[in-house]
Amino acid sequence: ASDSVVATVPTGLYSNPAGLCWNSVNNRVYSANDDGTVTVIDGVTNAVLATASAGDEPCAACYNPTDNKVYCVNNGASNNVTVVDGTSNSVLADIVTGSNPIALCSNSQNHRVYSANYNSGDVSVVDAATNSLVASVPADSGPTALCYNAANNKVYCANFYGRDFKCWKKGGHGSIDLRHAIKESCDVYFYTVANMVGVDKINKW
């Protein structure tokens with residue numbers, strides 16, 4: 001290895017690549033592009049083999065070697081995961097997840113794929129054999145990353161806002177309503193409300 005650039009591969013139709021994964025079965029690389037496409041790249045020749053259609057704003061991808069499938073999470077308005085066949089490069093399914101899915105990982109032991117959903121604060125569990133949603137697991141605020149530990153068959157989820165908020169008043173204000181929160185300028189009250197409402201609604205209003 002020379003640690004130098006050997007090729008530059010164009011991806012997407014007009015927008016930015018946002019996530020990558022590698023297919024170990026047939027040596028293909030998949031680029032999730034936020035223009036709603038997945039670019040399939042030959043790992044030997046670096047040539048583009050195909051472009052598959054995904055949902056709105058794909059941002060991450062993962063490969064499931066058990067079923068030879070590629071999963072692409074779409075964190076725009078579609079709020080779903082697109083499943084791509086690792087052999088034919090065709091789209092097999094679109095699976096609805098929680099709000100604003102942003103990260104994926106694959107569990108090779110029990111045919112599961114996991115989607116971290118930022119706005120809804122949960123993790124969607126997908127059956128890779130049937131391409132169906134089988135569970136939704138509550139997480140903390142703002143799940144942003146996932147990884148799978150094959151040694152103990154556990155999935156770990158990083159939560160961007162998963163922390164305790166501190167108030168300016170030592171000991172806090174205790175249980176408080178909106179009127180008193182405004183009067184007392186209770187930091188924790190408004191932090192909590194912001195997390196519950198979500199960044200999209202705050203941005204809209």
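Analyst: Happy to. Helices (H or I, at least four residues) and strands (E, at least two) are taken as DSSP runs, numbered from the N terminus. By that count, the protein chain holds three helices and 14 strands. This is a predicted model, in which local features need pLDDT of at least 70 and side-chain atom pairs count only at pLDDT 80 or more, while totals for chains, interfaces and linings use all residues. Residues are numbered from 1 along each chain as its sequence is written, and side-chain values use heavy atoms, with hydrogens and water left out.

For the setting, 38% of the 205 residues in the protein chain are buried, meaning under 20% relative accessible area with a 1.4 Å probe, protein chains only.

Now to the core itself. A nonpolar core here is a set of buried Ala, Val, Leu, Ile, Met, Phe, Trp, Tyr and Cys residues joined through side-chain atoms within 4.5 Å. The largest one has 13 residues, and those touching the most other members are C62, Y71, V73, V81, V83, L104 and V113. At least two residues of this core come from each of β5 (58-64), β6 (69-74), β7 (80-85) and β8 (91-96). β5 gives the largest share, three residues.

Leaving aside residues up to four places away in sequence, V83 touches K69, V70, Y71, S90, V91, L92, A93, I95 and N131, where a contact means heavy atoms within 4.5 Å. Another core, of twelve residues, lies apart from the largest one, and its members include C21, A32, C72 and V84.

Technical notes. Buried < 20%, exposed > 50% of the residue type's maximum accessible area, 1.4 Å probe, protein only.
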